Amino acid sequence: MQFSFRKDARRVALVVLGSALFAFNINTFVHTAGLFPGGFSGLTILIQSVCERFVGFVPPYTLVNLLLNAFPVYISFRYIGRKFTLLSCLSILLTSVLTDVMPGAEITSDPILLSIFGGLVNGCAILLCLLAGATSGGTDFISIYLSEQHGKDSFNLILLGNMVMLSVAGVLFGWERALYSIIFQYASTQVLHMLYKRYQRQTLLIITDKPEEVYELIKDITHHGATLFKGVGLYEQRERTMIYSVVGADEVKQVVARVRTADPHAFVNSIKTNSLTGRFYRRPND
């Protein structure tokens, strides 16, 4: 587990910002609309609501959330990465404590607006943690573990997994709150699906007169291989070379920029890859 002060300080800053945004979202949007957000945060709020109704006591958010995350943290530490897990623990702890102590803001009382914009804010908060190489905990650990094992985006599985929790919430506290929570969770999931590219793939088809230089760039940036095809350009009727490679969607922009530097006349076609089998290098979580 290697440390770089500048890089790690940036990651910690993103985690702190994401945790503060997450806690603000819970106290401002979630509690105001009576929502049950996805993952263990939603399960924590559900447990608090059940205790309040049937026991007359509301346990602290921090206590419940930390207990729920204990086993996922162990799984993450063992199978995903140690620094990743430590940063995630910081996120879980900060989010929990800030949720208990941070006051909420009265923005609107419209449940639809609270559900939509609360979901968007929630997705952004989780995204900040993911960009820092961490997670907000709970089902995110499970989702990332499955993504690492199967090599594809599995955030939509979180949405399906939350249906059971929302069914319980609907039975106990009314289906209106549960239905608004589905809107919240859908908005949050779509933010992640659109902006977090780690488990998405792109196929690059690059026609270039400098195939060796282009391949070296791809290898250096992504650690992926490539295949060289030779053919004839029909417009100019001369031999051309095409490089075929599949890279991470989050790597495409950097690869294309470097290819343009090496060969300004290169023709690059980027295609979304929905399914992939075979060997594919994935950067490990640290």
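Predicted model: local features only at pLDDT ≥ 70, side-chain atom pairs only at ≥ 80, totals over all residues.

User: Which residues does valine 50 touch, not counting residues up to four places away in sequence?

Analyst: Side-chain values use heavy atoms, without hydrogens and water, and residues are numbered from 1 along each chain as its sequence is written. Valine 50 lies in helix H2; helices are DSSP runs of H or I, at least four residues, numbered from the N terminus. Counting contact as heavy atoms within 4.5 Å, valine 50 touches Val55, Leu172 and Phe173.

User: What separates the C-alpha atoms of valine 50 and phenylalanine 173?

Analyst: The two residues are 123 residues apart along the chain. Their C-alpha atoms are separated by 9.1 Å.

User: Is valine 50 buried, partly exposed or exposed?

Analyst: Buried means under 20% relative accessible area, exposed over 50%, partly exposed in between (1.4 Å probe, protein chains only). Valine 50 has 26% relative accessibility, so the class is partly exposed.

User: How many aromatic pairs does a search of the whole structure find?

Analyst: Rings of Phe, Tyr and Trp (its six-membered ring) pair if their centres lie within 6.5 Å; planes under 30 degrees apart count as stacked, over 60 as edge-to-face and the rest as tilted. Phenylalanine 24 and phenylalanine 29 form one of the pairs, edge-to-face at 6.4 Å and 80°. The search total is three.

Technical notes:
Helix = DSSP H or I, 4+ residues; strand = E, 2+ residues; numbered from the N terminus.
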